[in-house]
Amino acid sequence: MTRLPEQASRKTILGTTLDALTMHQVIARCVAAVSENRRLTIGVVNAAKVVNMRTDAALRQSVVDSDLVLADGQSVVWAARMLGHRLPERVAGIDLFTELMAEGDRRGYRAYFLGATDEVLAGVLAEVRLRFPGLGIAGSRNGYFAVEDSAEVAAEIAESRADLLFLGITSPKKEIFIREWGESTRARIIHGVGGSFDVLAGHTRRAPLRWQRLGLEWLYRMLQEPLRLGPRYVRTNGRFLLLVLRERAGVKRRIEETT
């Protein structure tokens with residue numbers, strides 16, 4: 001199984017590579033990868049991940065090595081535009097997750113679900129069977145496995161003959177698993193969906209569309225879990241804003257020097 005070549009749409013923003021693609025274009029590339037038996041790994045970045053990648057070398061390399069890197073957060077789209085790089089739209093990881101399952105429903109793909117707890121996984125599978133009956137469930141496993149068991153997990157996925165592999169695991173564990181074991185799974189599309197399993201299973205509420213459009217989805221999540229998420233979002237969002245302002249000042253300075 002070969003990998004897709006790096007695409008010309010890739011841009012470098014805040015030291016992070018991003019692909020300037022619409023949801024429709026991403027789905028088209030995924031369908032092509034499945035039909036041509038090619039492996040395509042998908043990485044998504046939001047403000048927090050942009051910040052964490054600057055100090056976590058393993059996380060950064062795992063994202064950079066992805067075949068597609070997409071703007072999961074609206075703040076990343078806005079920052080890119082401020083810095084002179086237009087991204088056509090936000091391609092949220094949870095929306096791509098849903099669109100891929102819908103495409104798999106239409107085309108008879110098989111999907112493997114890796115991550116979350118057994119309770120959440122049961123809710124995910126029940127919802128998938130209800131909403132996407134044409135999508136075959138190749139298998140599932142909770143995300144609480146030891147690092148040394150990764151080879152066994154990858155072999156189990158390979159034996160399932162899954163076309164789509166969804167990882168509902170937190171960063172950087174999911175990115176590292178994809179980088180080190182993605183090829184061994186033999187899945188064609190590999191997408192780390194983070195907390196999307198909790199949303200699909202109904203354990204977490206997603207922000208209303210209006211909040212999403214205003215770029216406040218992070219705030220909606222924080223209000224649901226203020227003690228756990230509050231300090232993290234305050235820290236990473238502040239650092240992200242500082243990074244954008246510094247980069248913008250550097251861009252303006254370079255423009256002035258050349259005029």
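Helix H1 and helix H5 (residues 93–107) pack at an angle of about 45 degrees, with their axes 11 Å apart. Here helices (H or I, at least four residues) and strands (E, at least two) are DSSP runs numbered from the N terminus, while axes are lines fitted to C-alpha atoms, for helices over the stretch in contact, and angles run from 0 to 180 degrees between N-to-C directions. The model is predicted, so that local features need pLDDT of at least 70 and side-chain atom pairs count only at pLDDT 80 or more, whereas totals for chains, interfaces and linings use all residues. Residues are numbered from 1 along each chain as its sequence is written, and side-chain values use heavy atoms, with hydrogens and water left out.

H1 and H5 are therefore oblique to each other, given that angles under 35 degrees count as roughly parallel, over 145 as roughly antiparallel, 65 to 115 as roughly perpendicular and the rest as oblique. H1 passes H5 in a right-handed crossing; a crossing is left-handed if the near helix is turned anticlockwise from the far one by less than a right angle, and right-handed if clockwise. From H1, Met23, Val26, Ile27, Cys30 and Val31 meet Asp95, Leu96, Glu99, Leu100, Glu103 and Arg107 of H5, where contact means heavy atoms within 4.5 Å. This contact of H1 with H5 has 7 nonpolar, no polar and 4 charged residues, with Ala, Val, Leu, Ile, Met, Phe, Trp, Tyr, Cys and Pro counted as nonpolar, Asp, Glu, Lys and Arg as charged, and the others, Gly among them, as polar.

| Helix pair | Angle between axes | Axis distance |
|---|---|---|
| H1 and H5 | about 45 degrees | 11 Å |
| H3 and H8 | about 55 degrees | 9 Å |
| H7 and H8 | about 40 degrees | 8 Å |

Helix H3 (residues 57–64) packs on helix H8 (residues 173–185) at an angle of about 55 degrees, which makes H3 oblique to H8. The crossing of H3 and H8 is left-handed, and in their contact Ala58, Leu59, Gln61, Ser62 and Val63 of H3 meet Glu175, Ile176 and Arg179 of H8. The residues of this contact divide into 4 nonpolar, 2 polar and 2 charged.

Helix H7 (residues 150–160) packs on H8 with the axes 8 Å apart, and H7 and H8 are therefore oblique to each other. The crossing of H7 and H8 is right-handed. Ser150, Ala151, Val153, Ala154, Ile157 and Ala158 of H7 make the contact with Phe177, Trp181, Ser184 and Thr185 of H8, and these residues divide into 7 nonpolar, 3 polar and no charged.

Two backbone features lie in loops. A cis peptide bond, with omega of about 0 degrees, joins Ser171 and Pro172, and Pro172 lies in the loop between strand S8 (164–168) and H8. Phi of Asn37 is near 55 degrees, a positive value in a residue other than glycine, and Asn37 lies in the loop between helix H1 (23–35) and S4.

On a 1 Å grid over the protein atoms alone, a cavity is a set of points where a 1.4 Å probe fits but cannot get out, and a pocket is an open set with protein on both sides within 12 Å along at least five of seven lines; lining residues have an atom within 4 Å of a point. Grid points are joined across faces, edges and corners, and a volume is the space filled by probe spheres set on the points.

By this rule there are 2 cavities of 30 Å³ or more. The largest cavity holds about 60 Å³ of space, and its lining includes Ser62, Val63, Lys174 and Glu175. Strand S4 (38–45), H3 and H8 each give two or more residues to this lining, which has 4 nonpolar, 4 polar and 3 charged residues.

The second largest cavity holds about 30 Å³ and is lined by Ile13, Leu14, Thr16, Leu18, Val45, Val50, Val76, Ala79 and Phe240. Strand S3 (16–19) and H4 give two or more residues each to the lining of the second largest cavity, whose classes are 8 nonpolar, 1 polar and no charged.

The second largest pocket has a volume of about 170 Å³, and its lining includes Arg81, Glu89, Asp95 and Arg206. Helix H4 (74–82) and helix H10 (209–213) each supply at least two residues of that lining, in which 2 nonpolar, 2 polar and 6 charged residues are found.
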